[in-house]
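Hi,

Here is the structure I promised to pass on. Have a look at it first, and then read on for my notes.

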Amino acid sequence: MTRRTHAALAAALAATLTLGLGACKNDKSDSGGDAGSTAAASKGPGAESGSIIGGTPAKGGTLNVLTNQDFAHLDPARNWVLPHMDFGTRLIYRTLVTFKAEPGAAGSEIVPDLATDLGKSSDGGKVWTFTLKDGLKYEDGSLIKSADIKYNVERSFSPDLTGGPDYAIQYLAGGENYKGPLGGEHLASIETPDDRTIVFHLKRAVAEFSYTTTLPTFSPVPQAQEKGTQYDSRPFSSGPYKIETYDRGKQLVLVRNTNWDQASDTVRKAYPDRIVVTQGLKGGQVDDRIIASDGADASAIEMPWMQHESVSKVLPKADVKARMAAERTGCTDMLFMNTAKAPFDDPKVREAMMYAVDREAQVTAFGGPAMADVATSFLPPALTGGDKADPLKIPAAGDPAKAKDLLKAAGKSDLKASLTVSLGDKTRAEAIQQSLAKAGVQVTVNTVDPSAFADTVGDTKNAPDLVIQGWCPDYPSAATFFPFLFDGRTIKEKGNQGNYSQFKDQATMDRMDQIAAMTDVAEANKAWQQLDQDLLKKAPAVPLMWQRRPLLTGSNVAGAFGNSGYAGMIDMAVVGLKDPSKSKG
């Protein structure tokens, strides 16, 4: 999904996580554990070393979350953007299956959540049955029923509830023309024979369907609570916290859901009594406040992550550096080209862009080699066994002379294009603007507030020429990568997610179908990697970089680490405070 991942193939991620930014000579005092050896002590906190920033939290207090943005969507049928997915599924609602709340490779492993197990498959993997745990309750004490999960999955088909995961639409039988339950129609391919049993009938075998049910689509929404697009503002809680107040764009306050039963939940620890999200702050201001850790800010984390420009403020300060980690995300950032209209409907123009972009400048704009690697393919190393494929052998700094020649051959020597980015990516957009200017391409940069970015670039009729965006697999398979990025059948008029290039190539779609039908995982992986090379030649986008996520916490925060199941985001299921009595908010 967009800049999120469940794709931390354990060995690959563990091997490639950065050593530098989170490093401190001795992390005993901050991790709460014995470093044990010189090698262990040289590694920083977080997933890389298997340690946890601040040690084990104490129960109680107020955790403050500082952010520059409102939530794009908290409605579980629409929530498919990090860090909002991490926030929603770890705090407000539960899913059939979820990811372990552990640092390192274990964070990619799945465990039952609402369900008693990881699901039972039949009919060769085309039918999946889940049984709910007994006695699960919502915030008002009413019982969670299988029909509520069915209802929310159906909601994901609604054209009015855009932006959410497309897996149910792609996988469930009989959903081709289904428009959701708001008109009273229901899907026959989801059966609920009793209040604790739900059965999914799929179009084809999906061996990884258990992973699919970690997504918020597979959380419960009782039909009686339906509020259409307004459900975004007050989702009904099945998790450890419920919404007390929400003033959009300003503040959200979570308090304990007293009907959540810790005994039924092996993952969420719910350490804080309250979680206060302060929105609308400037990114640099958030970084400075958490670096200083004065007053309530000592008990704060930031959302989504520290700005890369602020890393230089942290590195000289050993005490601050000790509470920072840099987590590899498993995602690929790309420059998407709108192939639905001129000039990027021309493959030669797109090929020229592959040579025109200076990817080294992208890495520099993001904070340098310690914060990102130049991407040489679409698939991230986490999906290729750690290998970094580079089939095109284009210089990392680009080749503007060759780009000019290709544009001249295409009859597009005087090219103009618009580039739309989220506000926080303005520096990177300017780097694109400068590098393309060397090839004679004039770029106009437009910035959009982060909370509106997904909806803006997802409006295909008014989509810009160019978009910088990232994509991460939802679990360890390229089947959660390419079909969402470059399958023309996934394009939507509103709420378009993934295929920002609006790329629709029949040969590519046919090959994706052939790979999806393969039952040999090794054979499928090899085929996906070959498709990666084929797509690079067709150039619907330019791979830019594989970034690391800089995470910084206040000095009173404990239990913080980047969970590989959530693209290296701080796992909200287990974060809390060292001393709750010192928290304010």
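Below is what I found, going element by element.

First, a word on confidence. This is a predicted model, with a mean pLDDT of 89 for the chain and 91% of the residues at 70 or more. The exception to keep in mind is the stretch over residues 3–49, where the pLDDT is below 50. Beyond near neighbours in sequence, that stretch still has 143 contacts in the model.

Let me start with strand E17, residues 466–471. This strand is mostly covered, with 6 of its 6 residues buried. Leu 466, Ile 468 and Gly 470 point one way, while Val 467, Gln 469 and Trp 471 point the other way. In a regular strand, side chains alternate between the two faces of the sheet. E17 has two pairings to look at. Strand E13 (residues 332–337) runs antiparallel to E17 and is joined to it by 6 bridges. Strand E15 (residues 415–422) pairs with E17 in the parallel sense, over 2 bridges.

Next comes helix H8, residues 283–292. Its buried residues are Gly 283, Val 286, Asp 287, Ile 290 and Ile 291. They lie on the same side of H8, because they cover an arc of only 130° around the axis. What do the buried residues of H8 pack against? Their partners are strands E1 (62–67), E11 (300–303) and E18 (541–552), together with helices H9 (311–314) and H10 (318–321). Just after H8, Ser 293 takes a positive phi of about 55°.

Leu 66 stands opposite Glu 302 in E11. Both faces of E11 are covered, with Ala 300 and Glu 302 buried on one side and Ile 301 and Met 303 buried on the other.

Finally, there is a helix pair. The axes of H11 (residues 347–356) and H13 (residues 400–409) come within 8 Å and cross at roughly 170°. Angles over 145 degrees count as roughly antiparallel, and H11 and H13 are therefore roughly antiparallel to each other. On the H11 side the contact is made by Lys 348, Val 349, Glu 351, Ala 352, Tyr 355 and Ala 356. H13 contributes Pro 400, Lys 402, Ala 403, Leu 406 and Leu 407.

Enjoy browsing,
Best wishes

How values were computed. Residues numbered from 1 in each chain as written. Predicted model: local features only at pLDDT ≥ 70, side-chain atom pairs only at ≥ 80, totals over all residues. Heavy atoms only, no water. pLDDT = per-residue confidence, 0-100. Contact = heavy atoms within 4.5 Å. Buried < 20%, exposed > 50% of the residue type's maximum accessible area, 1.4 Å probe, protein only. Helix = DSSP H or I, 4+ residues; strand = E, 2+ residues; numbered from the N terminus. Pairing = 2+ DSSP bridges. Arc of directions from axis to C-beta. Axes fitted to C-alpha atoms, helices over the stretch in contact; angles between N-to-C directions. Parallel < 35°, antiparallel > 145°, perpendicular 65-115°, else oblique.
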